[in-house]
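Please look at the sequence and the structure below before reading on.

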Amino acid sequence: MGTRFFRYVRDPRVPLWRRLAGLFAVIYFVVPVDALPDFLPILGWLDDVGVLSAAAFFMVREVQRYQLDVSAWPTPVAPGEANRAGTPPLRDR
């Protein structure tokens, strides 16, 4: 799940707002301006927990639905194969 998450976040085909949904929730948690102020004993904390849990459920669902296009990722170069990148290895520069 962790590897899939990082591929999801780095995929340019995924809209930016979907990739940043978790970050927006953390910013909402950290910034002191909330829908319900935190100095209210229970309600002030419940809205923060609600936003964080909703963002976590959203991100988990999105990453699980994410279909990786395997053909878009480069294949690793086996040892002994010629360098296919077009640049010489560091030892030959």
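How many salt bridges does the count come to? The model is a predicted one, and in it the count comes to three salt bridges.

Start with aspartate 11, which forms a salt bridge with arginine 13; their closest N and O atoms are 2.8 Å apart. Aspartate 11 counts as buried because its relative accessibility is 7%, under the 20% cut-off. Arginine 13 has a relative accessible area of 52%, which is over 50%, so arginine 13 is exposed.

The next salt bridge is between the side chains of glutamate 62 and arginine 18, at 2.7 Å from N to O. This pair links distant parts of the chain, since glutamate 62 is in helix 4 and arginine 18 is in helix 2, 44 residues apart. Helix 2 covers residues 16-19. Glutamate 62 is buried, with a relative accessible area of 6%, while arginine 18 is partly exposed at 23%.

Glutamate 62 has another partner, arginine 65, with the closest N and O atoms 3.5 Å apart. Both of these residues lie in helix 4, three residues apart, or about one turn of the helix. Arginine 65 is exposed, with a relative accessible area of 52%. Through shared partners, salt bridges join Arg18, Glu62 and Arg65 into one network.

What else surrounds this network? Leaving aside residues up to four places away in sequence, arginine 18 touches Tyr8, Phe58, Met59, Glu62 and Arg65. On the same terms, glutamate 62 is in contact with Tyr8 and Arg18. Arginine 18 and methionine 59 are 41 residues apart in sequence, yet their C-alpha atoms are 8.1 Å apart in space.

Helix 4 also holds aspartate 48. Aspartate 48 is buried but has no salt bridge, and the nearest side chain of opposite charge, arginine 61, is 21 Å away. Not counting residues up to four places away in sequence, aspartate 48 touches Tyr28, Phe29, Asp34 and Asp38.

Now turn to the packing of helices. Two packed helices are described by the angle between their axes and the distance between the axes. The axes of helix 3 (residues 21-30) and helix 4 (residues 43-65) come within 9 Å and cross at roughly 170 degrees. That angle is over 145 degrees, so helix 3 is roughly antiparallel to helix 4. Residues making the contact include Ala25 and Phe29 of helix 3, and Asp48 and Leu52 of helix 4. By class, this contact has ten nonpolar, one polar and two charged residues.

Key:
Residues numbered from 1 in each chain as written. Predicted model: local features only at pLDDT ≥ 70, side-chain atom pairs only at ≥ 80, totals over all residues. Heavy atoms only, no water. Axes fitted to C-alpha atoms, helices over the stretch in contact; angles between N-to-C directions. Helix = DSSP H or I, 4+ residues; strand = E, 2+ residues; numbered from the N terminus. Parallel < 35°, antiparallel > 145°, perpendicular 65-115°, else oblique. Contact = heavy atoms within 4.5 Å. Nonpolar A, V, L, I, M, F, W, Y, C, P; charged D, E, K, R; others polar. Buried < 20%, exposed > 50% of the residue type's maximum accessible area, 1.4 Å probe, protein only. Lys, Arg positive; Asp, Glu negative; His and termini not counted. Salt bridge = Lys/Arg side-chain N within 4 Å of Asp/Glu carboxyl O.
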